[in-house]
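Visitor: Please take one part of this model and go through it closely. I would like the residues, the elements that supply them, and what lies behind them.

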Number of protein chains: 2
Amino acid sequence: MKINIAIKALTALAHETRLTIFRVLVQAGESGVAAGQLAKELNIPNATLSFHLKELTNAELVTARQEGRFIYYSANFETMNALLGYLTENCCAGVPCSPVDVCCDEKIS
Amino acid sequence: MKINIAIKALTALAHETRLTIFRVLVQAGESGVAAGQLAKELNIPNATLSFHLKELTNAELVTARQEGRFIYYSANFETMNALLGYLTENCCAGVPCSPVDVCCDEKIS
DNA sequence: ATTATATTTCCATTATATTGGAAATATGAA
DNA sequence: TTCATATTTCCAATATAATGGAAATATAAT
(Lines give C-alpha, C1' and ligand atoms only; values in the text may rest on other atoms or scores of the structure.)
Protein backbone atom coordinates (compact mmCIF):
# COMPACT_ATOMS: atom_id res chain seq x y z
CA MET A 1 0.00 0.00 0.00
CA LYS A 2 1.30 3.42 -0.91
CA ILE A 3 0.94 6.24 1.53
CA ASN A 4 -1.53 8.22 -0.56
CA ILE A 5 -3.94 5.34 -0.62
CA ALA A 6 -3.59 4.89 3.12
CA ILE A 7 -4.26 8.61 3.65
CA LYS A 8 -7.35 8.42 1.51
CA ALA A 9 -8.66 5.46 3.49
CA LEU A 10 -7.87 7.05 6.84
CA THR A 11 -9.42 10.36 5.80
CA ALA A 12 -12.53 8.52 4.74
CA LEU A 13 -12.75 6.72 8.07
CA ALA A 14 -11.96 9.78 10.16
CA HIS A 15 -15.49 11.03 10.25
CA GLU A 16 -18.23 9.96 12.61
CA THR A 17 -20.87 9.30 9.99
CA ARG A 18 -18.53 7.48 7.63
CA LEU A 19 -16.95 5.40 10.37
CA THR A 20 -20.40 4.39 11.52
CA ILE A 21 -21.41 3.47 7.98
CA PHE A 22 -18.22 1.49 7.49
CA ARG A 23 -18.67 -0.48 10.68
CA VAL A 24 -22.25 -1.30 9.80
CA LEU A 25 -20.99 -2.60 6.47
CA VAL A 26 -18.13 -4.55 8.08
CA GLN A 27 -20.65 -6.24 10.30
CA ALA A 28 -23.07 -6.83 7.47
CA GLY A 29 -20.45 -8.72 5.46
CA GLU A 30 -20.56 -9.67 1.79
CA SER A 31 -24.23 -9.04 1.13
CA GLY A 32 -24.02 -5.38 2.08
CA VAL A 33 -26.75 -2.87 2.81
CA ALA A 34 -28.80 -0.71 0.44
CA ALA A 35 -28.20 3.04 0.52
CA GLY A 36 -31.74 3.86 1.53
CA GLN A 37 -31.67 1.37 4.36
CA LEU A 38 -28.48 2.97 5.67
CA ALA A 39 -30.06 6.41 5.45
CA LYS A 40 -33.04 5.21 7.41
CA GLU A 41 -31.05 3.23 9.98
CA LEU A 42 -28.61 6.03 10.63
CA ASN A 43 -31.12 8.83 10.19
CA ILE A 44 -29.08 10.80 7.67
CA PRO A 45 -30.46 12.90 4.78
CA ASN A 46 -30.02 11.14 1.46
CA ALA A 47 -27.75 13.81 0.00
CA THR A 48 -25.45 13.62 2.99
CA LEU A 49 -25.32 9.84 2.96
CA SER A 50 -24.61 9.84 -0.74
CA PHE A 51 -21.72 12.24 -0.24
CA HIS A 52 -20.20 10.03 2.45
CA LEU A 53 -20.70 6.82 0.49
CA LYS A 54 -18.90 8.42 -2.40
CA GLU A 55 -15.98 9.29 -0.14
CA LEU A 56 -15.81 5.72 1.12
CA THR A 57 -16.09 4.34 -2.40
CA ASN A 58 -13.39 6.69 -3.64
CA ALA A 59 -11.13 5.40 -0.91
CA GLU A 60 -12.01 1.87 -2.03
CA LEU A 61 -13.19 1.02 1.44
CA VAL A 62 -16.59 0.07 0.13
CA THR A 63 -17.92 -1.25 -3.13
CA ALA A 64 -21.32 -0.74 -4.67
CA ARG A 65 -23.46 -3.11 -6.67
CA GLN A 66 -26.74 -2.29 -8.28
CA GLU A 67 -29.74 -4.59 -7.94
CA GLY A 68 -32.83 -3.21 -9.54
CA ARG A 69 -33.53 0.19 -8.09
CA PHE A 70 -31.34 -0.51 -5.09
CA ILE A 71 -27.65 0.03 -4.69
CA TYR A 72 -26.02 -2.24 -2.15
CA TYR A 73 -22.86 -1.11 -0.46
CA SER A 74 -20.39 -3.55 1.09
CA ALA A 75 -17.14 -3.18 2.99
CA ASN A 76 -13.99 -3.88 0.99
CA PHE A 77 -12.00 -6.13 3.30
CA GLU A 78 -8.99 -6.18 1.04
CA THR A 79 -8.42 -2.46 1.47
CA MET A 80 -9.14 -2.61 5.17
CA ASN A 81 -6.62 -5.37 5.67
CA ALA A 82 -4.01 -3.59 3.61
CA LEU A 83 -4.53 -0.52 5.76
CA LEU A 84 -4.11 -2.44 9.01
CA GLY A 85 -0.94 -3.97 7.63
CA TYR A 86 0.36 -0.59 6.57
CA LEU A 87 -0.08 0.86 10.05
CA THR A 88 1.77 -1.94 11.79
CA GLU A 89 4.39 -2.63 9.13
CA ASN A 90 7.74 -3.68 10.53
CA CYS A 91 6.68 -2.70 14.00
CA CYS A 92 9.19 -2.42 16.84
CA ALA A 93 12.22 -2.77 14.61
CA GLY A 94 12.20 -6.54 14.61
CA VAL A 95 11.57 -7.11 18.30
CA PRO A 96 9.27 -10.13 18.24
CA CYS A 97 5.62 -9.22 18.61
CA SER A 98 2.29 -10.56 17.40
CA PRO A 99 1.78 -10.03 13.70
CA VAL A 100 -1.38 -8.38 12.56
CA ASP A 101 -3.70 -10.91 11.10
CA VAL A 102 -6.44 -10.09 8.69
CA CYS A 103 -10.18 -10.23 8.59
CA CYS A 104 -12.28 -12.18 6.13
CA ASP A 105 -9.40 -12.88 3.82
CA GLU A 106 -9.00 -15.49 1.11
CA LYS A 107 -7.74 -18.11 3.60
CA ILE A 108 -11.32 -18.54 4.70
CA SER A 109 -13.81 -17.23 2.16
CA MET B 1 -13.01 2.01 22.33
CA LYS B 2 -15.64 4.68 21.92
CA ILE B 3 -16.26 6.17 18.52
CA ASN B 4 -14.97 9.63 19.42
CA ILE B 5 -11.62 8.24 20.42
CA ALA B 6 -11.43 6.23 17.20
CA ILE B 7 -12.26 9.36 15.18
CA LYS B 8 -9.55 11.30 16.95
CA ALA B 9 -6.99 8.60 16.21
CA LEU B 10 -8.07 8.24 12.58
CA THR B 11 -8.07 12.01 12.06
CA ALA B 12 -4.59 12.18 13.50
CA LEU B 13 -3.37 9.44 11.16
CA ALA B 14 -5.16 10.81 8.11
CA HIS B 15 -2.42 13.23 7.20
CA GLU B 16 0.71 12.50 5.23
CA THR B 17 3.16 14.07 7.63
CA ARG B 18 1.56 12.57 10.72
CA LEU B 19 1.17 9.13 9.21
CA THR B 20 4.83 9.21 8.25
CA ILE B 21 5.82 10.27 11.76
CA PHE B 22 3.67 7.57 13.27
CA ARG B 23 5.14 4.84 11.11
CA VAL B 24 8.66 5.95 11.91
CA LEU B 25 7.75 5.69 15.58
CA VAL B 26 6.06 2.31 15.16
CA GLN B 27 9.23 1.03 13.58
CA ALA B 28 11.45 2.66 16.18
CA GLY B 29 9.63 0.83 18.99
CA GLU B 30 9.81 1.58 22.72
CA SER B 31 12.84 3.84 22.74
CA GLY B 32 11.26 6.38 20.44
CA VAL B 33 12.80 9.24 18.50
CA ALA B 34 13.61 12.79 19.62
CA ALA B 35 11.57 15.61 18.12
CA GLY B 36 14.56 17.31 16.54
CA GLN B 37 15.73 14.09 14.96
CA LEU B 38 12.29 13.61 13.42
CA ALA B 39 12.33 17.16 12.09
CA LYS B 40 15.70 16.57 10.50
CA GLU B 41 14.90 13.11 9.13
CA LEU B 42 11.60 14.19 7.66
CA ASN B 43 12.72 17.68 6.72
CA ILE B 44 9.85 19.48 8.42
CA PRO B 45 10.02 22.92 10.08
CA ASN B 46 10.03 22.63 13.86
CA ALA B 47 6.78 24.51 14.32
CA THR B 48 5.01 22.24 11.89
CA LEU B 49 6.41 19.09 13.44
CA SER B 50 5.44 20.29 16.88
CA PHE B 51 1.90 20.91 15.72
CA HIS B 52 1.62 17.40 14.30
CA LEU B 53 3.20 15.75 17.32
CA LYS B 54 0.67 17.51 19.48
CA GLU B 55 -2.14 16.14 17.34
CA LEU B 56 -0.78 12.62 17.62
CA THR B 57 -0.26 13.01 21.36
CA ASN B 58 -3.77 14.36 21.79
CA ALA B 59 -5.08 11.30 20.03
CA GLU B 60 -2.97 9.18 22.38
CA LEU B 61 -1.25 7.57 19.45
CA VAL B 62 2.13 8.67 20.71
CA THR B 63 3.60 9.42 24.09
CA ALA B 64 6.38 11.82 25.00
CA ARG B 65 9.12 11.51 27.57
CA GLN B 66 11.65 14.17 28.42
CA GLU B 67 15.33 13.34 28.72
CA GLY B 68 17.45 16.38 29.33
CA ARG B 69 16.82 18.87 26.59
CA PHE B 70 15.37 16.21 24.33
CA ILE B 71 11.83 15.01 24.11
CA TYR B 72 11.47 11.46 22.85
CA TYR B 73 8.27 10.44 21.15
CA SER B 74 7.13 6.83 20.93
CA ALA B 75 4.18 5.06 19.35
CA ASN B 76 1.42 4.04 21.72
CA PHE B 77 0.70 0.46 20.70
CA GLU B 78 -2.22 0.13 23.06
CA THR B 79 -4.20 2.80 21.24
CA MET B 80 -3.16 1.50 17.86
CA ASN B 81 -4.31 -2.01 18.71
CA ALA B 82 -7.58 -0.75 20.13
CA LEU B 83 -8.16 1.11 16.89
CA LEU B 84 -7.49 -1.92 14.72
CA GLY B 85 -9.87 -3.92 16.88
CA TYR B 86 -12.51 -1.23 16.59
CA LEU B 87 -12.39 -1.25 12.80
CA THR B 88 -12.81 -4.99 12.50
CA GLU B 89 -15.16 -5.55 15.42
CA ASN B 90 -17.65 -8.32 14.84
CA CYS B 91 -16.78 -8.47 11.19
CA CYS B 92 -18.93 -10.39 8.71
CA ALA B 93 -21.75 -10.99 11.14
CA GLY B 94 -20.24 -14.08 12.68
CA VAL B 95 -19.11 -15.79 9.50
CA PRO B 96 -15.80 -17.33 10.60
CA CYS B 97 -12.79 -15.28 9.57
CA SER B 98 -9.33 -14.56 10.93
CA PRO B 99 -9.44 -12.44 14.05
CA VAL B 100 -7.30 -9.34 14.14
CA ASP B 101 -4.32 -9.91 16.29
CA VAL B 102 -2.34 -7.17 17.90
CA CYS B 103 1.13 -5.75 17.70
CA CYS B 104 3.62 -5.50 20.53
CA ASP B 105 1.07 -6.22 23.21
CA GLU B 106 1.53 -7.39 26.78
CA LYS B 107 1.65 -11.04 25.73
CA ILE B 108 5.20 -10.41 24.57
CA SER B 109 6.73 -7.29 26.09
C1' DA C 1 -46.95 6.78 -20.85
C1' DT C 2 -47.51 7.92 -15.98
C1' DT C 3 -46.37 7.53 -11.38
C1' DA C 4 -43.65 6.05 -7.37
C1' DT C 5 -39.34 4.81 -5.39
C1' DA C 6 -34.15 4.89 -4.96
C1' DT C 7 -30.29 7.38 -5.31
C1' DT C 8 -27.17 10.96 -6.90
C1' DT C 9 -25.50 15.62 -8.30
C1' DC C 10 -25.43 20.57 -7.78
C1' DC C 11 -24.20 24.33 -5.06
C1' DA C 12 -23.91 27.92 -1.70
C1' DT C 13 -23.12 28.23 3.14
C1' DT C 14 -20.58 27.13 7.01
C1' DA C 15 -17.05 24.95 9.68
C1' DT C 16 -12.47 23.05 10.41
C1' DA C 17 -7.47 22.07 9.61
C1' DT C 18 -2.69 23.36 7.99
C1' DT C 19 1.33 26.16 7.43
C1' DG C 20 5.70 28.16 9.12
C1' DG C 21 8.14 32.48 10.73
C1' DA C 22 9.03 34.81 14.91
C1' DA C 23 8.95 35.00 19.73
C1' DA C 24 8.79 32.41 24.01
C1' DT C 25 10.21 28.71 27.13
C1' DA C 26 13.25 25.19 29.01
C1' DT C 27 17.34 22.67 29.79
C1' DG C 28 22.24 22.13 29.91
C1' DA C 29 27.17 23.61 29.01
C1' DA C 30 31.01 26.89 29.35
C1' DT D 1 25.51 34.11 34.31
C1' DT D 2 25.83 33.93 29.43
C1' DC D 3 25.33 31.27 25.45
C1' DA D 4 23.75 27.40 22.60
C1' DT D 5 20.50 23.89 21.72
C1' DA D 6 15.75 21.75 21.82
C1' DT D 7 11.21 22.39 21.52
C1' DT D 8 6.82 24.74 21.84
C1' DT D 9 3.32 28.48 21.39
C1' DC D 10 1.30 32.29 18.89
C1' DC D 11 -1.04 33.88 15.00
C1' DA D 12 -2.62 35.30 10.57
C1' DA D 13 -2.99 33.57 5.97
C1' DT D 14 -4.53 29.83 3.31
C1' DA D 15 -6.65 25.56 2.05
C1' DT D 16 -9.98 21.87 2.51
C1' DA D 17 -14.20 19.38 4.01
C1' DA D 18 -19.21 18.95 5.49
C1' DT D 19 -24.09 20.02 5.22
C1' DG D 20 -28.67 19.31 3.20
C1' DG D 21 -32.51 21.23 0.17
C1' DA D 22 -33.88 21.10 -4.45
C1' DA D 23 -33.40 19.38 -8.96
C1' DA D 24 -31.85 15.59 -11.83
C1' DT D 25 -31.39 10.72 -13.07
C1' DA D 26 -32.56 5.88 -13.13
C1' DT D 27 -35.26 1.87 -12.51
C1' DA D 28 -39.56 -0.51 -11.95
C1' DA D 29 -44.58 -1.02 -11.36
C1' DT D 30 -49.32 0.11 -13.01
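Guide: What follows covers the surfaces near the DNA strands, then the sheet, helix and core of the protein.

The model is predicted, with local features requiring pLDDT of at least 70 and side-chain atom pairs counted only at pLDDT 80 or more, while totals for chains, interfaces and linings use all residues. Residues are numbered from 1 along each chain as its sequence is written, and chains are lettered from A and ligands numbered from 1 in the order in which they are written.

DNA strand C is surrounded by 21 residues, and Gly36(A), Asn46(A), Ala47(A), Ser50(A) and Ala47(B) are the closest. A residue counts as near when its C-beta atom, placed from the backbone, lies within 6 Å of the strand. At least two residues each come from α3 (35-42), α4 and β3 of chain A and from α4 of chain B; helices here are DSSP runs of H or I with at least four residues, strands are runs of E with at least two, and both are numbered from the N terminus. α4(A) gives the largest share, 6 residues. The surface has 10 nonpolar, 7 polar and 4 charged residues, where Ala, Val, Leu, Ile, Met, Phe, Trp, Tyr, Cys and Pro are nonpolar, Asp, Glu, Lys and Arg charged, and the others, Gly among them, polar.

Around DNA strand D there are 21 residues, of which Ala47(A), Gly68(A), Gly36(B), Asn46(B) and Ala47(B) come nearest. For this strand, α4 (46-58) of chain A and α3 (35-42), α4 (46-58) and β3 (70-75) of chain B each supply at least two residues. α4(B) has the largest share, 6 residues.

In chain A, β3 also belongs to an open antiparallel sheet of 3 strands in the order β1-β3-β2. The edge strands, β1 (33-34) and β2 (62-67), each pair on one side only; pairing takes at least two DSSP bridges. β2(A) and β3(A) pair over 6 bridges, with Ala64(A) opposite Tyr73(A).

Helix α2 (16-28) of chain A has Phe22(A) among its buried residues, meaning that 20 or more other C-beta atoms, placed from the backbone, lie within 10 Å of its own. Just after α2(A), Gly29(A) has a positive phi of about 75°. Phe22(A), Leu61(A), Phe22(B) and Leu61(B) touch the most other members of the largest nonpolar core, which has 60 residues; such a core joins buried Ala, Val, Leu, Ile, Met, Phe, Trp, Tyr and Cys residues through C-beta atoms within 7 Å.

How values were computed:
Buried ≥ 20, exposed ≤ 12 C-beta atoms within 10 Å, placed from the backbone.
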